[in-house]
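Please open the model in your viewer and keep the sequence panel beside it. The stops below are given in the order in which they can be selected.

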Amino acid sequence: MRPSSIKRSVGVDLAHRIQKSRVLLVGAGGIGCELLKNLVLTGFGEVHIIDLDTIDLSNLNRQFLFRHEHIKKPKALVAKEVAQKFQPSAKLEAYHANIMDHQFNVDWFAGFNIVFNALDNISARRHVNHMCLAAGVPLIESGTTGFNGQVQVIEKGKTECYDCNEKETPKTYPICTLRSNPTQPIHCIVWAKSWLIPELFGESEDESGTIDSTEDAENADEIQKLREEALALKEIRESMGSDDFCRKVFEKVFKVDIERLRGMEDMWKERQPPDALEYDSIEQDPALSSPAASKEDRREWTLKENFLVFKDSLDRLSKRLKELVEKATSSDPKPQLLFDKDDEDTLDFVTAAANLRSIIFHIPQKTKFDTKQMAGNIIPAIATTNAMTAGLCVLQSFKVLQDDLSQAKMVFLERSGARAINSDSLDPPKPGCSICSSAHGRVAADQERATLGDLVEILRSDLEYGEELSIVNSAGQVIYDPDLEENLTRKLSEPAITNGFSFLTIRDEDDQDQDPRVNLDLFFVERQEPASEDSKPVTLQGTLEIPRKPKKKNTEPVFEDASTANGTSGLGKRKRDGEDEVMTNGHVAKKVAGEQANGDSDDLIVLDEEDSGAILIDD
Ligand SMILES: Nc1ncnc2c1ncn2[C@@H]1O[C@H](COP(=O)(O)OP(=O)(O)OP(=O)(O)O)[C@@H](O)[C@H]1O
Ligand SMILES: [Zn+2]
């Protein structure tokens, strides 16, 4: 749009504010491409775009800034280049990087007037939420799932933050369902994707500690058997590349392991026992078929076709791993192949292996197309939902630029209700939210010298903390408390201490009658004044006020909402947690002394750790 048209549409004052603003767009995917186009055409003065990914064929149907010739190029750079053509005078900056890198520190965030989130995972969203709160920059958060979309305006101290409401936890499946007693196609798909592929081409569960027999006494025997099976597969893995590798794998997972399960008669009182497969009889079946069936992704494959695709994809993956191993030097991490829905070899392998297992357990098979959706946790992305959501983000940003938060809304897009677009008033911050009720400060630390002890000293001398304080890093690990003094001499630059120079949370553990302070999140930044010889290794930057913890809950709204709440939204506001439990960045803190704390393993396989749009399939 020409500047004169923008002025006519939104008025001179807002047009001026838009033109003067410097905004950050995080994510150049489905929503991000639409949003960048909107921002540029609306006349936003300066737009910075960040995305860590490169363009994939599957992005082209909706991420309209990208074309075939851009495949494998960085999304952020191409998005900038293409959007620049819409508005040659726009000032655009692109970063092919992870927004969670420590170079994008709180001072960098503070340089923007508004941040727009167009992300696809919870951890990056939470990170940007936290940085924006600390930097005091308004955030427009958005997301879509199929036909549903949501836009939320977040401002420190005025509205709920992204973390005020608990997020859905990822779907997990008990190990025994996956490994011994599958009853649904998804169980076989997750077995192939999250167990068989890692066992053959990645880190085996024995190395990663996925199975823990001590956790579950009832299933201890069965879990011990599963561990023995995994060890036997590890031995077979040694023969990768040999002529009989495929036969050995097949006979192990589709015959020997199945016969053992079939022998456990108690398990099959209520359902048909599994039927092991015979390699030779399938191979000798004269039925006309070939691995070319893998090209037919909408049709169910026959037993023989699954067998041939299994053999062929196992061979392709074995060759790929061999090449990686040959290229790797001794200092490189151990090469491995991981499942990726856009990687044909792993998708063929998962489809065929899952179907063979389904045949064994008398479970319906799935086509390659369906397997891709299920294994990739995909809900089809709808271009129109992304476009409408991106438009709503810009409309909400106008309220922020006009300092008129009382007019800003939580907006929902949905297809099922009476109206496609519904809105709700913004709620004030949740008093129990550990992210937005914290105080935020900045700290500079000399990478070479600064120790945890230096930081503790500054907290006591400059901020008058008492003895009872604890420090938790951004991974949720307690790195200091009065009983954990051994870390005091360790450098802040150690990953196990500061977890990548992100931020540390200081907790005042004094009793209630001592008027303890709220949690303090200290974000690492560059030193403002140049370091001199006598400058301390750790220095607090800027002024810092740390409020005292409220004596009783205060649920009064911070600002009045002038509008009437719209009750027609089927989505409604997100579930409230209503809990006061002190959590750090969503994790209950674990202590770290000496080496990095051991990750607690449980007897569940996580279907997808980070995904925000997981399909919900009941176990
Ligand atoms: N930590 C991060 N830093 C920078 N960009 C990120 C980060 N996490 C995710 N992104 C980007 O956010 C964008 C989200 O876009 P979208 O939801 O359309 O996902 P997609 O990966 O492009 O598509 P799909 O997942 O449907 O194949 C992606 O381009 C992704 O690379
Ligand atoms: Zn909050």
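Begin with Lys72, which lies in the loop between β2 and α4; helices (H or I, at least four residues) and strands (E, at least two) are DSSP runs numbered from the N terminus. This is a predicted model, in which local features need pLDDT of at least 70 and side-chain atom pairs count only at pLDDT 80 or more, while totals for chains, interfaces and linings use all residues. Residues are numbered from 1 along each chain as its sequence is written, and chains are lettered from A and ligands numbered from 1 in the order in which they are written.

Is Lys72 buried or exposed? Lys72 counts as exposed because it has 9 C-beta neighbours inside 10 Å; a residue is buried if 20 or more other C-beta atoms lie within 10 Å of its own, exposed if 12 or fewer, and partly exposed in between, with C-beta atoms placed from the backbone. Its phi is near 80 degrees, a positive value in a residue other than glycine, whereas most residues other than glycine have a negative phi.

Next, select the open sheet of eight strands, whose order is β3-β2-β1-β4-β5-β6-β8-β9 with mixed pairing; two strands pair if DSSP finds at least two bridges between them. The edge strands, β3 (91-95) and β9 (421-425), each pair on one side only.

Strand β5 (residues 139-145) pairs with β6 in the antiparallel sense over seven bridges, with Gly149 in β6 as the bridge partner of Thr144. The two strands form a hairpin with two residues between them, and Gly146 in the turn has a positive phi of about 55 degrees. Three bridges also join β6 to strand β8 (residues 409-413), again running antiparallel, and Gln150 stands opposite Phe412 in β8.

Finally, select Asp403, in the loop between α16 (383-401) and β8. Asp403 has a positive phi near 55 degrees although it is a residue other than glycine, and it counts as exposed because it has 9 C-beta neighbours inside 10 Å.
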